[in-house]
Amino acid sequence: QTCTVCGEVLATALGHTPGAAADCVSDQTCTVCGEVLATKLGHNYGADEYCTVCGAVNPDATFAAEVNGKKYLDFAVAYAAAEAGDTVILLADINATEIILINKAITLDGNGKTINSTAARAINVEVNGNVTIKNVTINAAERAINIINKPANVTVENVIATANNNA
């Protein structure tokens, strides 16, 4: 502290005692006086729309699908991340130009969304195991769901399928 009249130093300044470092959502403040020492950094979203610092999801992103709580911008990437027994949940409608190949024992939960396909077959199921396709509308050029010659157990629940030839 310094006298404002004569300029004499009355007490040496103690300085600030920094709290936790600034992060994406919180400022760094002095634990004694509360002054902001460093402002929050803000999120740095990567190409996958997750913050590269804290892992938060960009609330403005439009995701295609989700697997095990992780959201993906692209359905094909989400499906590739899925393992047998997982559920792939659609978060947006899909416009497919190629056949969607299901070759893992998964559940495809359409979540009320629509798959629009210009491919000859919208979905080919080619797996030795259990597959469930549910809660989805499939608009296909020729066939909505095609089961390839494997001993697959395919359950279809709450599916609306339209096709020009053999739904």
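Colleague: What is the volume of the largest pocket?

Modeller: This is a predicted model, with residues numbered from 1 along each chain, and side-chain values use heavy atoms, without hydrogens or water. Local features need pLDDT of at least 70 and side-chain atom pairs 80 or more, while totals for chains, interfaces and linings use all residues. A pocket is an open set of 1 Å grid points fitting a 1.4 Å probe, with protein on both sides within 12 Å along at least five of seven lines. Filled by probe spheres on its points, the largest pocket has a volume of about 280 Å³.

Colleague: Which residues lie closest to its centre?

Modeller: Lining residues have an atom within 4 Å of a point. Of the 13 lining residues, the closest to the centre are Asp74, Phe75, Ala76, Ile94 and Ala96.

Colleague: Over which ring does the charged end of lysine 104 sit?

Modeller: The criterion is NZ of Lys or CZ of Arg within 6 Å of the ring centre and within 35 degrees of the ring normal. Lysine 70 meets it over tyrosine 72, at 5.4 Å. For lysine 104, 4.6 Å from the centre, the ring is that of tyrosine 79.

Colleague: Is asparagine 158 buried or exposed?

Modeller: Asparagine 158, in strand S12 (residues 153-162), has a positive phi of about 50°. Buried means under 20% relative accessible area, exposed over 50%, partly exposed in between (1.4 Å probe, protein chains only). At 59%, asparagine 158 is therefore exposed.

Key
Helix = DSSP H or I, 4+ residues; strand = E, 2+ residues; numbered from the N terminus.
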